[in-house]
Amino acid sequence: MIDARGLAIGYRGGPTVLTDVTFSVMPGERVGVLGPNGGGKTTLMRALLGELESRAGTFTIEGRQGTVPQTERSRLDYPVSALDVVLMGALGRGPWWRRPGRAERALAQAALERVGLEDRARETFGELSGGQRQRVLVARALMQDADIVLFDEPFTGLDTPSAARLTALIDALAAEGRSVLVSTHDVGQARAWDHVLCLNGRMIEFGPPEHVLTETVLAETYEHAVIRIPDGWPRGVTQSAGASARA
Ligand SMILES: Nc1ncnc2c1ncn2[C@@H]1O[C@H](COP(=O)(O)OP(=O)(O)OP(=O)(O)O)[C@@H](O)[C@H]1O
């Protein structure tokens, strides 16, 4: 679904902020994207969405993309309902001037049901909890029938039950053959996915978690910040309480 070779990415008029990115994602794979603040996770997502051009290297993407952005960055005071947000996923299906019809509304309602929010359709998006907003945005990606779903730090601020619900949704999307990229600060969570991509201004490592989540790679990724990872890790990985790495 995604094949990137030696990508270098920067913002218009600015320096290159991410280099040497080489990875591939197959249908149904879940890839965790790890890195410190400013490491380049969002930049990579934006390049995959076509918002930023690569300055070197090549990449190909096959299939429709859907994105689940960081909701605290969205404008939350705009009075749109949860259903309206999901219906935005239907834009592009028909001419821009045509309002969503009954069929689209039924699909949007079904997508909300899929994420367990069928009874919240009429509620204002900005008044939902962070976890509920994330799920509405997953429903929007379902509405787009996205083959590739990009999540930008979706677990930030979620309590344990909400995080577990979102993890189950990510697993379900992958089980349907959709490819899922999830940027996260949670090293413990990334361990459960198929591949991990570590970024810190350049790609540090890409591969299965058991190869990537080593002390050496994490130290390079987080520049020797304290990394806490759960017990039961393969040898060579720092062991201590907690499950998250923050830089
Ligand atoms: N709109 C922008 N214009 C110019 N530079 C930007 C822009 N957005 C991000 N950058 C720069 O790109 C680099 C990577 O930032 P990015 O937002 O991709 O990191 P991140 O890994 O997503 O961080 P965080 O965990 O804080 O969200 C940083 O040096 C940042 O200053």
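Modeller: Start with pairing: two strands pair if DSSP finds at least two bridges between them. Helices (H or I, at least four residues) and strands (E, at least two) are DSSP runs, numbered from the N terminus. Leu7 stands opposite Val21 in S2. This is a predicted model, where local features need pLDDT of at least 70, side-chain atom pairs count only at pLDDT 80 or more, and totals for chains, interfaces and linings use all residues. Residues are numbered from 1 along each chain as its sequence is written.

Biologist: Which strands are called edge strands, and why?

Modeller: The open sheet has 3 strands in the order S2-S1-S4, with antiparallel pairing. Strand S2 (16–25) and strand S4 (54–61) each pair on one side only, and they are the edge strands. Neighbouring strands of this sheet are turned by 15 degrees against each other on average, direction ignored. Axes here are lines fitted to C-alpha atoms, for helices over the stretch in contact; angles run from 0 to 180 degrees between N-to-C directions.

Biologist: Where does H1 pack?

Modeller: H1 packs on the sheet and touches S1, S2 and S4. Its direction makes about 115 degrees with that of S1. Contact means C-beta atoms, placed from the backbone, within 7 Å.

Biologist: Why is Lys41 called buried?

Modeller: The cut-off is 20 or more other C-beta atoms within 10 Å of the residue's own; 12 or fewer means exposed, in between partly exposed, with C-beta atoms placed from the backbone. Lys41 has 23 such neighbours, so it counts as buried. Its place is in helix H1, where 7 of 8 residues are buried.

Biologist: How do you know which residues are around the ligand?

Modeller: A residue is near a molecule or strand if its C-beta atom, placed from the backbone, lies within 6 Å of it. The residues around the ligand include Tyr11, Asn37, Lys41, Thr42 and Thr43. Helix H1 (residues 41–48) gives the most to this shell, with 3 residues.

Biologist: What is the shell's make-up by class?

Modeller: It has 2 nonpolar, 8 polar and 1 charged residues. Ala, Val, Leu, Ile, Met, Phe, Trp, Tyr, Cys and Pro count as nonpolar, Asp, Glu, Lys and Arg as charged, and the others, Gly among them, as polar.

Methods: Contact = placed C-beta atoms within 7 Å.
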